[in-house]
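Please look over the sequence and the predicted model shown below before reading on. The paragraphs that follow take up the salt bridges and the nonpolar core in turn.

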Amino acid sequence: MADTTIVFADFTGSTGLYESLGNSKAAETLTRATQWIGKLCEARSGRVIKYLGDGVLMAFSANTAAVHTMVEMQRLHHERIS
């Protein structure tokens, strides 16, 4: 039996982002951010299932890879916005 870990990552506060930046700029910003998450996922042996506006649905065949990737994503995102 194969184990698969499903992960969903999304940005909180995207409604406020649209209100402050406007539709075009907010959509561009969120697209860049979700693409970055997708690339990080794939670089860590994960697979993007679907991009969903301000979120990314992903699958990992190894549970530890999923956990490590999400911890790394949170750390890198925090560094990017600090």
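**Salt bridges and core**

In this predicted model, Lys25, Glu28 and Arg32 are joined to one another in a network of salt bridges.

Lys25 pairs with Glu28, and the closest N and O atoms of the two are 3.9 Å apart, a separation to be read against the 4 Å limit within which a salt bridge is counted. Both Lys25 and Glu28 lie in helix 2, where three residues, or about one turn of the helix, separate them. Glu28 also meets Arg32 through their side chains, here with an N to O distance of 3.0 Å, and because Glu28 and Arg32 are four residues apart in helix 2, about one helical turn lies between them.

How accessible are the members of this network? Lys25 has a relative accessibility of 39% and therefore counts as partly exposed, Glu28 is likewise classed as partly exposed at 40%, and Arg32, with a relative accessible area of 48%, is partly exposed as well.

Another salt bridge joins the side chains of Arg44 and Glu72, with 2.8 Å from N to O. Arg44 belongs to the loop between helix 2 and strand 2 (46-52), whereas Glu72 sits in helix 3, so this pair ties together parts of the chain that are 28 residues apart in sequence.

From the charged pairs the reader can turn to the nonpolar residues. The largest nonpolar core has 16 residues, and those with the most contacts inside it are Val7, Ile37, Met58, Phe60, Met70 and Met73. Which elements give two or more residues to this core? They are strand 1 (5-10), helix 2 (23-43), strand 3 (55-60) and helix 3 (63-81), and the largest share, five residues, comes from helix 2, the helix that also holds Lys25 and Glu28.

Leaving aside residues up to four places away in sequence, Val7 touches Val56, Leu57, Met58, Phe60, Ala66 and Met70. Among these partners, Met58, Phe60 and Met70 are also named, together with Val7, as residues with the most contacts inside the core.

Key
Residues are numbered from 1 along each chain as its sequence is written. This is a predicted model: local features need pLDDT of at least 70, side-chain atom pairs count only at pLDDT 80 or more; totals for chains, interfaces and linings use all residues. Side-chain values use heavy atoms; hydrogens and water are left out. A nonpolar core is a set of buried Ala, Val, Leu, Ile, Met, Phe, Trp, Tyr and Cys residues joined through side-chain atoms within 4.5 Å. Buried means under 20% relative accessible area, exposed over 50%, partly exposed in between (1.4 Å probe, protein chains only). Contact means heavy atoms within 4.5 Å.
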